[in-house]
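Let's explore a protein model together, one question at a time. Keep the view open while you read.

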Amino acid sequence: MINLNIFRLLLILVLSYLSDRANGRINFKGVDEKLKQLNKPAVRTIQMKPSFKLKEEKLGTTSLSSKLVVSQTWQKSGSCPDGTVPIRRIQRKDLLRAKSINRFGRKPQEIVSKSNTTYLKKGLYPSNNTTQVALPTIVNRSAAFLVTLGYNYIGAKGDINVWNPNVAADDEFTTAQIWLKAGPADNFESLETGWTKDSYKSTGCFDLTCSGFVHTNPQVALGAAIEPVSSGFGQQYHVTLGVYMDPQTSNWWLKFGADVPIGYWPAGSLMFYLNHSSTLVEWGGQVYSTNVKKTPHTKTAMGSGRFASGLYGNACFIQNPNIVDFSLSLKYPEWVGTWADEYYCYTAYNYQKSYGTLPVFYFGGPGQNPNCR
């Protein structure tokens, strides 16, 4: 079992954030006031549902025997009444671990330093038909991902392998997730879903701490522990997650498993570029630390903590990485490419076992090692 405060279902709307801590001192009165603000009293919710159904294009199969994670630790203690949703309560010890109580539950600002170029390949099989795409380099982040570029993506999903990677410091985190992005590189919007491990949340809007998301599902708690997790060369587990725009309302819905709605980001003032569609989708992992892209490098791991070349049972994977366009069909992207910010620290590998099978994307690494110092 994973500690409730350690493993979380990741849910983020990234816009822009600031960070500070007043003279390194903690005001306990301020902590208690913040707890009252975060832990709101129970209220009823309207159980809305999406108005769309998705078709799935079967282009091939994968042979992985991973099992779906269906359990959250809190469910052992009961369930929520109809018309209510589960909300993880924040404790004083959580806030005391944060660098700033005003920054608690917020993801650090993503600062773009430059752009790198990678190549996208067309189709499922080896091909010389490629195109370039520019990807921003983000300060204090190291990522390894599969990427596709288009004009009108209104959804993406994937089966994300679940592990328990090492996190080296309280203010660091590591994720396995899906990004849907739109907007310019230095001012983009991003809807993200997946799992994260960090040390008691001094970073990121990974749950309902930030306003905007409307939670509607009484069985799934955002920010709660999930179990079981995968083990090296043992049984593998995954979570199936997807984010989809409702063409009728332009709300973006988060779904779990086969087709279970969790809630939605409402259309309107919350977003600008994503009010129409996403233009870039990524599947993979990310490590946040002030000690990435420098020496000494952080020991915070990504994925399973092993490199992508280890493949199934050893490296973390995302299978069935699908996109949705206005045809409302789930399908493998037409153009895909891979990228790793620090290839000696964390790697990316889109592996196709044979013709007739869909590629499986592997990623991850240990961070600091003899080749990544």
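This is a predicted model: local features need pLDDT of at least 70, side-chain atom pairs count only at pLDDT 80 or more; totals for chains, interfaces and linings use all residues.

Residues are numbered from 1 along each chain as its sequence is written, and side-chain values use heavy atoms, with hydrogens and water left out.

Q: Which residues have the most contacts inside the largest nonpolar core?
A: A nonpolar core is a set of buried Ala, Val, Leu, Ile, Met, Phe, Trp, Tyr and Cys residues joined through side-chain atoms within 4.5 Å. Buried means under 20% relative accessible area, exposed over 50%, and partly exposed in between (1.4 Å probe, protein chains only). In soluble globular proteins, nonpolar side chains tend to be buried together. The largest core here has 57 residues, and those with the most contacts inside it are Trp195, Val239 and Trp252.

Q: Which strand gives the largest share of this core?
A: Strands (E, at least two residues) are DSSP runs, numbered from the N terminus. The largest share of the core is six residues, and they come from strand 13 (residues 237-245).

Q: What is valine 239 in contact with, leaving aside its neighbours within four places in sequence?
A: Contact means heavy atoms within 4.5 Å. By that rule, the partners of valine 239 are Leu68, Val69, Gly158, Asp159, Ile160, Val162, Trp195, Ile226 and Phe256.

Q: Where is the cis peptide bond of proline 228, and what is its omega?
A: Most peptide bonds are trans. Proline 228 sits in the loop between strand 12 (226-227) and strand 13. Its cis bond is with glutamate 227, and omega is about -5 degrees.

Q: Is lysine 293 buried, partly exposed or exposed?
A: Lysine 293 is found in the loop between strand 16 and strand 17. Its phi is positive, near 60 degrees, although it is not glycine. Because its relative accessibility is 34%, lysine 293 counts as partly exposed.

Q: Which side chain makes a polar contact with the side chain of glutamine 286?
A: Glutamine 286 lies in strand 16 and, because its relative accessibility is 3%, counts as buried. A polar contact is a pair of N or O atoms within 3.5 Å; within protein, one must be able to donate a hydrogen and the other to accept it, and residues adjacent in sequence count only if both atoms are side-chain atoms. At 3.4 Å, the partner is the side chain of arginine 141.

How values were computed:
Helices (H or I, at least four residues) and strands (E, at least two) are DSSP runs, numbered from the N terminus.
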